[in-house]
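Take a walk through this protein, from the overall fold down to single side chains. Keep the sequence and the model side by side.

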Amino acid sequence: MTLVAVAAGLALIAVVVVDVWLTVLHPDAEGPIARTVRRLVWRASSLTSGRRRTPRRTPLVWAGPVLVTGTFLAWLGPLVLGVALVVWPNLDGYHRVTGYGPAGFVDALYYATGLLTVLGFGDLTPDTGAQKLFAVTAAALGFGFFAALATYLIELITGLTVRNRFALTIHDQVRGTDGVGLLARSLTDEGVDVARERCTAWAASLREVDDTVRRYPLVALTYRPRRRDYDIEPALEQIAAVTVAALLAARCDAWRGLRPRAEELAYALLRLQDTIASRYLGRHLLLAASEPAAADADPDEVLRRVHARLVDELGPRFDRPPDGDRFVDEVLSRSLPFLAALRGWSVLGATREGPPIGVARPDEPEQP
């Protein structure tokens, strides 16, 4: 019985240590405990929010803090239990203050909690060298655990700031139009050189967001703001429209110098989509890719509408047909299923109608 308890305790400690190491310290991985908590909390929040007759954002707003707290407890609980299981079989051999009485499993939990939090109440202390060595190791483990968590939270806030800044920037730039109109306005009012600089800045922002999603999958997209202008989904939709419009415009002689920066933007967009898909979407992406596309989500239809908008916005200088560009086809064929899957994964899709890439027809009024 003693060996079984000690082995089980050491196994629990090892599982938690590996999970924390993968989630907090490894930039390309997420531990199974953290991943399970993230999926369960987000699914519960989405169902709670989306099943209302009028979907509400409140459950989504609280999903992030609940995720962090739930993951912390899912790490701390097994860690305390593991230390207690190691200590429990030999607890009678520990030194106890006068009048302490018989020691049981509750006392082992009490001792483990004080040990990991580096409190050490002193009423129950180890006597043998092995017990003292384990106590020092467990205390160091607890100190490292809380220090790593604090560091992770600080870095998380920084990453969320990058994400929110990107969403706000796109929201403010697109206000009163859409992604296609934003690119056309930049070309006509500011010139191709400024449009190139804008594409470079957008690509840099996408790479920063990609790094945030990759390093902090626990909360990067599940930490939701109360204000909608901080939401990243609309920003990704508009950037997809900007990218397609930039690639199409760069085929014309008047703006051919835009092509390298448009391709850079496309690569950054596709990389971010792949990162989000691998971290969050899963079966939603498979479902979105397998279902027949609606007219507004069909790549050919979206391409036709983007082309028609550019003809209307840019005039006779836009002198190329809508087909014949492999890169444009690739961006559309990958972006449309991704955006549809993102809406399916996020309950925000239930609160916003329209195609995955919102592009107004030339005869429609501009988006407010």
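Predicted model: local features only at pLDDT ≥ 70, side-chain atom pairs only at ≥ 80, totals over all residues.

The mean pLDDT of the protein is 85. Of its residues, 87% reach 70 or more. Helix H8, residues 192-215, has the highest mean pLDDT among the elements, at 95. Helix H11, residues 283-290, has the lowest, at 61.

Now the overall make-up. The protein has 13 helices and two strands. It holds 368 residues, and buried ones make up 48% of them. Consider the contacts between residues at least 6 apart in sequence. Of these, 78% join residues at least 24 apart.

Next, a helix pair. How do H4 and H6 pack? Helix H4 spans residues 63-87, and helix H6 spans residues 129-174. The axes of H4 and H6 lie 12 Å apart, at an angle of about 175 degrees. An angle over 145 degrees counts as roughly antiparallel, so H4 is roughly antiparallel to H6. Look at the side of H4 first. Its contributors include Phe72, Trp75, Leu76 and Leu79. Across from H4, the H6 residues include Phe134, Leu141, Phe145, Phe146 and Leu149. What classes of residue make up the contact of H4 with H6? The contact has 16 nonpolar residues, no polar and no charged ones.

Stay on H6 and move to Asn164, which sits in this helix. Is Asn164 buried or exposed? Its relative accessibility is 18%. Buried means under 20%, so Asn164 counts as buried. The side chain of Asn164 makes a polar contact with the side chain of Arg163, at 3.0 Å.

Finally, turn to helix H10, residues 259-281, where Arg279 is found. Arg279 has a relative accessible area of 16%, so this residue is buried too. Which residues is Arg279 in contact with, leaving aside its neighbours within four places in sequence? They are Pro27, Asp28, Ala29, Arg38, Val213, Arg214 and Pro217. Take Arg214 from that list. Arg279 and Arg214 are 65 residues apart in sequence. In space, their C-alpha atoms are 7.7 Å apart. A polar atom of the Arg279 side chain lies 3.2 Å from the backbone oxygen of Arg214.

Methods:
Residues numbered from 1 in each chain as written. Heavy atoms only, no water. pLDDT = per-residue confidence, 0-100. Helix = DSSP H or I, 4+ residues; strand = E, 2+ residues; numbered from the N terminus. Buried < 20%, exposed > 50% of the residue type's maximum accessible area, 1.4 Å probe, protein only. Polar contact = N/O pair within 3.5 Å; in protein donor to acceptor, adjacent residues only side chain to side chain. Contact = heavy atoms within 4.5 Å. Axes fitted to C-alpha atoms, helices over the stretch in contact; angles between N-to-C directions. Parallel < 35°, antiparallel > 145°, perpendicular 65-115°, else oblique. Nonpolar A, V, L, I, M, F, W, Y, C, P; charged D, E, K, R; others polar.
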